[in-house]
Amino acid sequence: MKKRKKKIIRILDLLAILCFIATFTPLVTPEQKSHPFLWGIPYTMWMGIVVSILFVVLTYLVSLINKEDNNAD
């Protein structure tokens, strides 16, 4: 079970690192571009919001995996 947890955490860590790297690429912060707009929000801002939500979800998943059982014998 511990090997499985380690493997899942490594995958989540890799996803977080890839998301971090993608944050500074033109995929998220393109130069001199504000279109398309989504509900009046420019591209860079809503992509930043999406990345932030992704980081929160990844953090939540890691916290669920690392939760220790306090009810164990």
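Helices, taken as DSSP runs of H or I of at least four residues, are numbered from the N terminus, and Leu61 is found in helix 2. The model is a predicted one, in which local features need pLDDT of at least 70 and side-chain atom pairs count only at pLDDT 80 or more, whereas totals for chains, interfaces and linings use all residues. Residues are numbered from 1 along each chain as its sequence is written, and side-chain values use heavy atoms, with hydrogens and water left out.

Helix 2 comprises residues 43-66 and also holds Ser52. With buried defined as under 20% relative accessible area, exposed as over 50% and partly exposed as in between (1.4 Å probe, protein chains only), Leu61 counts as partly exposed because its relative accessibility is 35%. Ser52, at 41% relative accessibility, is likewise partly exposed. Leu61 contributes, together with Met45, Ile49, Ile53, Val57, Tyr60 and Leu64, to a nonpolar surface patch of about 640 Å². Such patches are made of residues with over 30% relative accessible area and no salt bridge, like charges being joined within 9 Å and nonpolar side chains (Val, Leu, Ile, Met, Phe, Trp, Tyr) within 5 Å; a salt bridge is a side-chain nitrogen of Lys or Arg within 4 Å of a carboxyl oxygen of Asp or Glu. Accessible areas come from the Shrake-Rupley method with a 1.4 Å probe.

Arg10 is placed in helix 1, which spans residues 2-23, and is exposed, with a relative accessible area of 60%. On the surface, Arg10 gathers with Lys2, Lys5 and Lys6 in a patch of positive charge, where Lys and Arg count as positive and the place of a charge is taken as NZ of Lys or CZ of Arg. Asp13 is also found in helix 1 and is partly exposed at 38%; its C-alpha atom is separated by 8.3 Å from that of Leu58, 45 residues apart along the chain. A separation of 9.7 Å is found between the C-alpha atoms of Thr23 and Ser52, which are 29 residues apart along the chain.

A search of the whole structure finds 1 aromatic pair. Phe20 and Phe24 form this pair, which is edge-to-face, with 5.3 Å centre to centre and 75° between the planes; rings of Phe, Tyr and Trp (its six-membered ring) pair if their centres lie within 6.5 Å, and planes under 30 degrees apart count as stacked, over 60 as edge-to-face and the rest as tilted. Phe20 is partly exposed at 47% relative accessible area, whereas Phe24 is exposed at 61%.

Notes:
Helices (H or I, at least four residues) and strands (E, at least two) are DSSP runs, numbered from the N terminus.
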